[in-house]
Amino acid sequence: MNLKRWFAVIAIVTVVAWLGYDAMKRKRDDDLVRDLMDARQQQPDEEPEVSALAEPPSNMVVNQIPGNIWFVGKYEDGGGVEIPFRPGESPQKSGDLTPLHDNPGYIGPEQCQECHREKYQSFLATAHYKTSRPVNETTIDGSFEPGSNTFQTSDPNVSFEMIRKDDEFLQRVHFFDWSFEVPMEIIMGSSKMAQTYLYWHKDGLYQHNVTHITDGNQWINSPGYIDGDAAYARPIPQRCLECHMTYFDYRGNKNRYTPGSLILGVTCERCHGPAKEHVDFHRENQDARQAVAITNPADLERQTQMQICGQCHGGSRALKGNALSFRPGDRLEDHYDPPDDEQDAKNSVHTSNQLNRLSQSVCFQQSQMTCINCHDPHHNERGNQKLFSGRCMTCHESESDCGFYPQPDVDFADNCIDCHMPRRPTEKLRLQSVEGDVFPPLRDHYIRIDEMATSRFIRGVENEE
Ligand code: HEC
Ligand code: HEC
Ligand code: HEC
Ligand code: HEC
Ligand code: HEC
Ligand code: HEC
Ligand code: HEC
């Protein structure tokens, strides 16, 4: 066969393939239209007051876009709704899926209670424990009362209503004259700054459009969301869960997990290692006083101890291999890429990288300091300035070690923090609200002499720049 014939054959194959693809795509669109028509015919009289299952009106654009996502818009090029489930349907619950992987021994914090009662009890009040929780009456923030349960975007035709139906909490989306509902199932965030909400569609985990921000008790767009859209198709990737949960069974394709496998909260075993063997042993050997098969971070060398915290407090490091492969005692660089400072500066993942900032401090460089010189992970010590200042003075013998001491009306021993570790709003945690961007302030762990912070403190101004 000569070259020309070859080209002809290739051209024909390409055209046929394209036509096939196009027909397939058109068929999918046709299927959708037919399904929507069917759905329309099927529900004449069981229409509830506001139907969660109403299909979009026929004057809307409905498209399936790559990634199995449905786009519903009023205009071809305007804002719109993005959902992973078919318009007119609800997200689907998957039944009891069997995990794909063996659990390496994560059993959850309740199992520690019988032998480490005090630690367990005090731990329940920490941000780590609360950072992911099931949605219920006692855990969820924000108002569900008519009048204060809405979030109006800058587009008058797009708004959200947070509603409660018995034990269920939902976000109801109003998009022009269409509306639908999505259940809120998992809370992410301890409420210190915010709560954002996740839901299941089959074995996929997705984020809600509306987040609750604690400051001002407001409903706002989730970080990075575009005001005026109703986006419910943002997948929750592994790395996100890895920083906010203890364990999950990953099924692949970005955001697929075994629902029954989740151990919520950042709990004991993320700092001590999977504890099944430890618990089995001590249940069988009640007299054994020597701990078996568990890591005490205090026994680790300085850098490795800090790297336990660095899994989640060391910037947005991408995974090198599987999530949850890090064990206390391992080195971060064996499991993660170095933090991407450029990406961190542009927001997206929001941690203020305490590992890196602290390492720049003279305190750190001229001592053997680690995170646990100041933090006891088993207690909620938030906001206790006096307690933290006491920890500064385990090395700095007394307040008179401060070169600025004394000053009229300043009780140094009560607060070393506001002058030397001011809170700074970080670009990295940007939340969009109607009034503009909100930057929750976080403590800068680069401990140093900071004239700006000192002058603000003396003037009684909250440390926000
Ligand atoms: C049946 C009893 C029992 C259970 C359940 C149990 N432990 Fe222990 N644990 C012990 C004993 C006994 C020790 C050794 C004495 C001590 O340090 O308190 C110990 C010690 C420890 C230590 C210190 C180790 C060291 O080398 O200093 C850690 C950390 C620990 N356990 C974590 C856990 C965690 C996390 C859980 C729950 C997942 C748990 N334990 C559940 C009995 C238990
Ligand atoms: C954020 C990390 C972290 C979490 C979460 C955590 N620990 Fe610890 N734990 C540590 C560190 C660091 C030490 C060593 C320093 C210390 O003693 O506080 C420690 C020490 C211990 C010890 C031995 C020291 C002692 O006081 O007996 C036990 C037992 C223990 N933890 C149990 C638990 C249990 C049970 C939980 C969950 C209810 C838990 N830890 C959650 C980090 C953590
Ligand atoms: C598996 C991830 C993970 C690990 C490991 C981890 N943390 Fe955290 N930590 C978090 C997350 C997520 C938050 C934010 C929780 C929230 O507010 O929702 C947090 C919050 C905190 C806070 C703020 C608490 C408050 O109430 O303001 C401190 C302090 C802290 N971590 C210290 C540590 C220290 C010290 C270690 C190591 C001993 C550690 N963390 C290990 C994920 C982690
Ligand atoms: C590298 C670890 C890491 C990843 C990845 C990560 N987070 Fe966080 N997240 C944190 C830490 C740490 C904090 C606390 C802020 C701080 O001190 O830096 C936090 C804070 C938050 C808060 C505010 C909690 C509060 O204090 O009230 C929310 C909400 C949140 N994260 C949601 C998410 C979501 C959703 C994702 C995935 C899309 C995600 N995070 C990915 C570590 C992480
Ligand atoms: C583990 C010991 C340790 C702890 C805890 C500690 N420091 Fe330091 N710090 C040092 C050492 C060592 C130096 C260097 C020698 C010096 O100036 O005393 C230092 C230096 C400093 C300096 C001078 C920095 C400079 O750039 O010259 C300040 C300010 C400071 N510390 C504040 C604090 C504050 C505030 C805390 C508590 C939040 C604290 N330190 C906790 C060990 C510590
Ligand atoms: C009102 C603000 C403020 C408070 C509160 C404060 N500092 Fe300072 N600190 C400063 C300033 C400003 C300097 C620099 C003074 C100078 O010019 O040498 C300083 C200097 C220091 C230094 C370096 C001393 C030297 O000689 O280089 C240390 C260490 C220190 N402070 C520790 C502390 C500790 C510990 C506390 C709490 C007990 C504390 N500071 C409380 C503002 C403050
Ligand atoms: C010298 C003392 C000191 C050391 C060491 C230290 N921290 Fe902190 N950290 C503080 C203080 C003080 C706060 C503010 C606490 C508060 O106001 O509740 C804080 C707050 C935090 C918060 C909450 C963020 C915020 O701004 O509210 C996180 C997360 C945190 N620390 C993580 C770490 C990690 C991880 C390490 C080790 C890499 C570490 N810290 C080492 C003193 C320290």
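Before you click, some ground rules: residues count from 1 along each chain as its sequence is written, and chains are lettered from A and ligands numbered from 1 in the order in which they are written. Because the model is predicted, local features need pLDDT of at least 70 and side-chain atom pairs count only at pLDDT 80 or more, while totals for chains, interfaces and linings use all residues; side-chain values use heavy atoms, with hydrogens and water left out.

**Stop 1: ligand 2**

Now look for polar contacts, meaning pairs of N or O atoms within 3.5 Å. Lys119 puts a side-chain N or O atom 2.6 Å from an oxygen atom of the ligand. A polar side-chain atom of His272 sits 2.8 Å from a ligand nitrogen, and His378 has a side-chain N or O atom 2.8 Å from a nitrogen of ligand 2.

Helices here are DSSP runs of H or I with at least four residues, and strands are E runs of at least two, numbered from the N terminus.

**Stop 2: ligand 7**

Zoom in on the iron atom of ligand 7, which His375 (NE2) and His445 (NE2) coordinate at 2.0 Å. Donors are N, O and S atoms within 2.8 Å of the metal (3.2 Å for Na, K and Ca). The site has 6 donor atoms with angles of 88 to 179° and is octahedral, a label that needs opposite donors over 155 degrees apart and all others between 65 and 115. His375 is in the loop between helix 10 (362–365) and helix 11 (385–392), and His445 in the loop between strand 23 (441–443) and helix 13, so the pair ties together parts 70 residues apart in sequence.

Buried or exposed: which is His445? His445 is buried, at 15% relative accessible area, whereas His375 is partly exposed, at 40%. Buried means under 20%, exposed over 50%, and partly exposed in between (1.4 Å probe, protein chains only).

**Stop 3: ligand 6**

A polar side-chain atom of His420 lies 2.8 Å from a ligand nitrogen.

Note on methods:
Polar contact = N/O pair within 3.5 Å; in protein donor to acceptor, adjacent residues only side chain to side chain. Tetrahedral: all angles 85-135°; square planar, octahedral: opposite > 155°, others 65-115°.
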